Amino acid sequence: MLINNNFEKLPESYLFSTVAAKLREFKEANPSADVIRMDIGDVTLPIPASALAAMHRAVDDMADKTTFHGYGPEQGYAFLRDAIAEGDYRARGVDIRSDEIFISDGAKSDLGNLGDIYAAGNVVAVTDPGYPVYVDSNVIDGRGGELVGGRWSNFIYLDCTEENGFKPTPPEAHADVVFLCSPANPTGVAFTRSELEAWVAYARRNNAVIIYDSAYCAYVTSPGVPRSIYEIEGAREVAIEVRSFSKTAGFTGLRCGYTVVPDTLCGFDPEGRKVQLRKLWNRRQTTKFNGASYIIQRGAESLYSEQGRAETEQNVAYYLENTRIIRDSVAKAGFKVFGGTDSPYVWMRSPRGEGSWELFEKCLREANISCTPGVGFGANGEGYIRLTGFNTREKTVEAMRRLAAMMK
Ligand code: MLT
């Protein structure tokens, strides 16, 4: 058989796999080095007590023939879809129904898999820098064109720079699919209501669909910053929203997220007839996915209880305090700092002007801290690095002490 040649066009390895491989190599050569991980956004707090108890009960359910669960609905169990519709949307005055919510094994899978429901010839707009899944998965699906000077010829790049506060405005050019992330990975900045309104208006003018990655919405603290794109009027006709339980409830290893495809959202067939995207996504999921596990979904459901809510809020507050410590420390050490107030990510560049990978190596070798090189998120990320607030308080404080010493 012939392979999908698009894989050959991609850089050899996915960003976070490259970082992990470099860390392994460094640890092999320096076994006594106590490296503090501040690269991938993996959490360190254990799952909340509410989720633990719910999952224990769910395990017991599986061991009893009267409560055993085999295959579940591919779209997710009603108990979780209802809890999300009520807790994340209706309680906040946003009109989303349970049957518009599709439970999955995480935001990353959905963001990559959504490419199944739109045509190979669509023009895709991506932020630069941005979460690499948007670019890589669309390249795999054949929408990238050729890689020229670090950029794919068929994409529209939405430049995120210091000049625009890392928040792009809609382009003149027409895109069919637009990937937006707010609060943004990796820059940590978040769209205000009026900025998001401009994007919804753009999508409506262009018959485009916004794929809105809202994995970090729980970190929003600034007034006037929407948590959901559906807070914007007219977004139900132009946006898909993707969310995750990873960064709020410690589900990075358990795997659970969800995608909202409103029934008012349509694409067009080649004859120009409107087609509901929800139907296509449902068809895709029923064909290729057998649902997230019952046990994990019970755990996720518990996060909407009073106790679950309080526990996830505590987790988010803990990580945000780490992020505040990082922001303050790196600013004192001379870095130019962005993000980190509505986000677990701090985006920064050194006063000495090193390249991203150079700074990565320096932090690793001289301070034994691992960061993510900004250029791994796109050409505009060159010269920046990203640190996460997801480590423990003790390690975050220690990492900042080492970073300050490195910069002396
Ligand atoms: C990140 O570090 O950007 C994220 O943790 C990656 C992910 O969620 O897949």
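Student: Is Asp88 buried or exposed?
Tutor: Asp88 is buried, at a relative accessible area of 15%. Buried here means under 20% relative accessible area, exposed means over 50%, and partly exposed is in between, using a 1.4 Å probe and protein chains only.
Student: And before I go on, what kind of model is this, and how is it numbered?
Tutor: This is a predicted model, with residues numbered from 1 along each chain as its sequence is written. Local features need pLDDT of at least 70 and side-chain atom pairs count only at pLDDT 80 or more, while totals for chains, interfaces and linings use all residues, and side-chain values use heavy atoms, with hydrogens and water left out.
Student: Fine. Where does Asp88 lie?
Tutor: Asp88 lies in helix 4. Helices (H or I, at least four residues) and strands (E, at least two) are DSSP runs, numbered from the N terminus.
Student: What does Asp88 touch?
Tutor: Leaving out residues up to four places away in sequence, Asp88 touches Ala83, Arg243, Tyr258 and Tyr304. Contact means heavy atoms within 4.5 Å.
Student: Which side chains make polar contacts with Asp88?
Tutor: The side chain of Tyr304 is joined to that of Asp88 by a polar contact of 2.6 Å, and the side chain of Tyr258 makes one with Asp88 too, at 2.6 Å. A polar contact is a pair of N or O atoms within 3.5 Å; within protein, one must be able to donate a hydrogen and the other to accept it, and residues adjacent in sequence count only if both atoms are side-chain atoms.
Student: Tell me about Tyr258, then. Where is Tyr258 found?
Tutor: Tyr258 is in strand 10, residues 257-260. Tyr258 counts as buried, at 1% relative accessibility. Between Tyr258 and Ala292 there are 10.0 Å in space, C-alpha to C-alpha, and they are 34 residues apart in sequence.
Student: Switching topic: which residues are around the ligand?
Tutor: Phe16, Ile40, Gly41, Lys108, Tyr131, Asn185, Tyr216, Lys247, Tyr345 and Arg386.
Student: How far are the polar side-chain atoms of Tyr131, Asn185 and Arg386 from an oxygen atom of the ligand?
Tutor: For Tyr131 the distance is 2.6 Å, for Asn185 it is 2.8 Å, and for Arg386 it is 2.7 Å.
Student: And how much of the ligand's accessible area does the protein cover?
Tutor: 85% of the 270 Å² that the ligand has on its own. Those areas come from the Shrake-Rupley method with a 1.4 Å probe.
Student: Why does the ligand lie between the two domains?
Tutor: Because domain 1 (6-46 + 308-407) and domain 2 (69-304) both give residues to the shell around the ligand. The bounds come from an automatic or database domain assignment.
Student: How far apart are the domain centres?
Tutor: The C-alpha centres of domain 1 and domain 2 lie 25 Å apart. The contact takes 38 residues from domain 1 and 47 residues from domain 2.
Student: What about phi at Phe166 and Asn368?
Tutor: Phe166 has a positive phi of about 65° although it is not a glycine, and Phe166 is buried, with a relative accessible area of 3%. Asn368 also has a positive phi, near 50°; Asn368 lies in the loop between helix 12 (356-367) and strand 15 (369-370).

Terms used:
A residue is near a molecule or strand if one of its heavy atoms lies within 4 Å of it.
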